[in-house]
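Reader: I would like to go through the labels used for this structure and hear the grounds for each one. Please set the values beside the definitions.

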Amino acid sequence: KRFRAACFVVLALECSLDAAPARRADVTIRPANSARPTHSEHIARAMPSLMPLAAALFHLSALPLASAASRALLAASEAACEYGQDGYYVKSSASSSGALEALETRVSMLAARFGMPDALMFKLKSINSVVVRLESRGLSQLLASRDVESITANCIIRLDPIEADTQRVASSSVQPGATWGLSRVDQRSSPPDNSYDDSGATGSGSLVYVLDTGVRITHEDFGGRALPGWSSGCAGADKTGCRAGYLPQGVITADDSTCSGHGTHCASTIGGTTYGIA
């Protein structure tokens, strides 16, 4: 509709010039002794100034369509939040760090305008997004921006309910002198009591994926149960295809002792013979 309006503006002006009272002599040609421009010359002079207006209106005509698709995506993401939501993911349409910082600045400006100083929750460089708490006015302005690819709800999720004591296996065991990792697992309050109650749940048959700094799968605490995985910094199974600080399949060997041991520590807390839950 806005595109048609832009065309109508140009055509209406052209028609109004043609429809204006005019002498027969200046409709097509101008007498040599006359300085008055013809209607065609009026139009020719007006067109350069009208074209930017038409282009601007055409640009605006694309916004409702883009906004409708963006709003549909936003509405669908909100509807998928079974337990409600806490803010929104605002994804930048560009992948550069500068674009993400510009988006962060814009969100901060909108937050200040609408009196929401804590609108910016956090920034996620890995997915070129910021997570914000904004009202509908701020979201509408972001939805209409070409710098924003999409806005989706940050859904609240809930873990499965904790099993009641009556559902637990009777033959639970308590491990005294448990390490900090184990002791912290079976209690919410601090400090840890240095013991671990498995509540009869041994984790037998579990399959756990460890997203960390790599694992030394040959460690004796794993008993051969740890397997190679995947490395985001490697193009193949050879070290030559890895960036600095990365190892193929996330496997730490005896030759890579300088690598961080955090992944091995977490993996052993999950499934180690001595230090693990399962």
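Predicted model: local features only at pLDDT ≥ 70, side-chain atom pairs only at ≥ 80, totals over all residues.

Reader: What makes the phi of S199 worth noting?

Author: Most residues other than glycine have a negative phi. S199 is not a glycine, yet its phi is positive, about 55°. Q249 is another such case, with a positive phi of about 60°, and Q249 also lies in the loop between β6 and α7.

Reader: Why is S199 called partly exposed?

Author: Buried means under 20% relative accessible area and exposed means over 50%, with partly exposed in between. S199 has 21%, so the label is partly exposed. Q249, at 40%, falls in that class too.

Reader: How do you know that C81 and C155 form a disulfide?

Author: The cut-off is a pair of cysteine sulfur atoms within 2.5 Å. For C81 and C155 the S to S distance is 1.9 Å, so the pair counts as a disulfide. The torsion about their S-S bond is about -70°, and therefore the disulfide is left-handed.

Reader: Which parts of the chain does the pair C81 and C155 tie together?

Author: C81 lies in the loop between α3 (39-79) and β1 (85-92), while C155 is in strand β4 (residues 148-155), so the link ties together parts that are 74 residues apart in sequence. C81 is at 10% relative accessibility, so this residue counts as buried. C155, at 31%, is partly exposed.

Reader: How many disulfides does the structure hold, and what is their pattern?

Author: There are two disulfides. Counting bonded cysteines along the chain, the pattern is 1-2, 3-4. The sulfur atoms of C234 and C242 are 2.0 Å apart, so this pair also meets the 2.5 Å cut-off. The link of C234 and C242 is right-handed, with 115° about the S-S bond. Both C234 and C242 are buried.

Reader: Which residues are the bridge partners of Y89?

Author: In β4 the partner of Y89 is T152. In β3 the partner of Y89 is V131.

Reader: What makes the buried residues of α5 line one face of the helix?

Author: The buried residues of helix α5 (residues 136-143) are G138, L139, L142 and L143. Seen down the axis of α5, these residues fall within an arc of 135°, so they line one face of the helix.

Reader: Why is the peptide bond from S190 to P191 picked out?

Author: Most peptide bonds are trans. The bond from S190 to P191 is cis, with omega near 0°. P191 is found in the loop between α6 (180-185) and β6 (195-197).

Key: Residues numbered from 1 in each chain as written. Heavy atoms only, no water. Helix = DSSP H or I, 4+ residues; strand = E, 2+ residues; numbered from the N terminus. Buried < 20%, exposed > 50% of the residue type's maximum accessible area, 1.4 Å probe, protein only. Pairing = 2+ DSSP bridges. Arc of directions from axis to C-beta.
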